[in-house]
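Open the model in your viewer and keep the selection tool ready. The tour moves stop by stop.

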Amino acid sequence: MTCRPVAALPTPDPAGPSHAPCTRPTPLLLATALAASMLSGCSLMDLARDCEGTDARITETATLDILDSKPHEATAARGFETVDTGCWADSGDVVVSAERIYAFPGTRAEVAAHYRAAAPREGWSPDPDAAPDDLRFVKESMSLRIVFLTAESLAEDGHESRSDLTSGAAYSIGIDSYA
C-alpha cells in the first residue's frame, strides 16, 4: 500500500469500499523510542549525549597533580611521557579519562605506600567499594586507580619485550571523570 497525503485522497464513494488514509510510521517510532527511554531510565537527551564539548574537562583532568605524583625513582615509561587522555559516551554517561604509565625499579608495596599517602593529601578518599588491596580512590565525580602492569597486560598491548616495564613495579595511574 502506498501512503498518500490525506488531502490528496478522493472522497469515499458511499456505495464502494472505504479506504482509510495511510499513516506514516514516524509517530509510532517516536512513541517506541520514548517508551524505551522511560523503561531504561534514560531520557532521549541522555541517549544523544556524546563527547562534544568536553575539551575543557579533559584538560582539567589531565592536569591534576596526582597524575604527576610518583615514588622517588619512578619515571614516565619510554613512549608514555605525556598524559594519555580520552572520552567515551555509553548509555547516556560521558566519561573523560587521563592516564600515565610509570616504570619503577622498586616494589609494588612501595608504590602502594606512596599513593596511600599522596592521594589523601590531594583530597582523594579510599574508594569504599574497592577491595582492600585495590588502589582506588574517589574525589567528587572522579575515580582514581593505580593498576600494576602484568606480563599478560603488557603482551596484550604489544609491550612484552620492554625491560623498563617488565622489571620492578611498572604501573598506570588513571582518572575517570564524569562530565
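Predicted model: local features only at pLDDT ≥ 70, side-chain atom pairs only at ≥ 80, totals over all residues.

## Stop one: a cysteine pair

Show the sulfur atoms. A disulfide joins Cys51 to Cys87, with an S to S distance of 2.1 Å. Which hand does the disulfide of Cys51 and Cys87 have? The torsion about the S-S bond is about -90°, so this disulfide is left-handed.

Trace the chain between the two ends. The pair links distant parts of the chain, 36 residues apart. Cys51 sits in the loop between helix 2 (44-48) and helix 3 (55-62). Cys87 lies in strand 2 (residues 84-90).

## Stop two: helix 4

Select residues 108-121. This is helix 4, with 14 residues. From first C-alpha to last, helix 4 reaches 20 Å, close to the 20 Å expected at 1.5 Å a residue.

Color helix 4 by accessibility. Which residues of helix 4 are buried? They are Val111, Ala112, His114, Tyr115, Ala118 and Ala119. Turn the view to look down the axis of helix 4. The buried residues fall within an arc of 160°, so they line one face of the helix. Ala109 and Arg121, on the other side of helix 4, are exposed.

Next, bring in the neighbors of the buried face. What do the buried residues of helix 4 pack against? Select strand 3 (93-103), strand 5 (135-139), strand 6 (142-148) and strand 7 (171-178): the buried residues pack against these four elements.

Step past the end of the helix. Gly123 follows helix 4, and its phi is positive, near 90°.

## Stop three: Arg116

Go back into helix 4 and pick Arg116. Is Arg116 buried, exposed or partly exposed? Its relative accessible area is 42%, so Arg116 is partly exposed.

Show its contacts, leaving out residues up to four places away in sequence. Arg116 touches Pro132, Asp133, Asp134, Leu135 and Phe137. Finish with a distance label between Arg116 and Phe137. Their C-alpha atoms are separated by 9.1 Å, and the two residues are 21 residues apart along the chain.

Definitions and conventions:
Residues numbered from 1 in each chain as written. Heavy atoms only, no water. Helix = DSSP H or I, 4+ residues; strand = E, 2+ residues; numbered from the N terminus. Expected span 1.5 Å × (residues − 1). Buried < 20%, exposed > 50% of the residue type's maximum accessible area, 1.4 Å probe, protein only. Arc of directions from axis to C-beta. Contact = heavy atoms within 4.5 Å. Disulfide = S-S within 2.5 Å.
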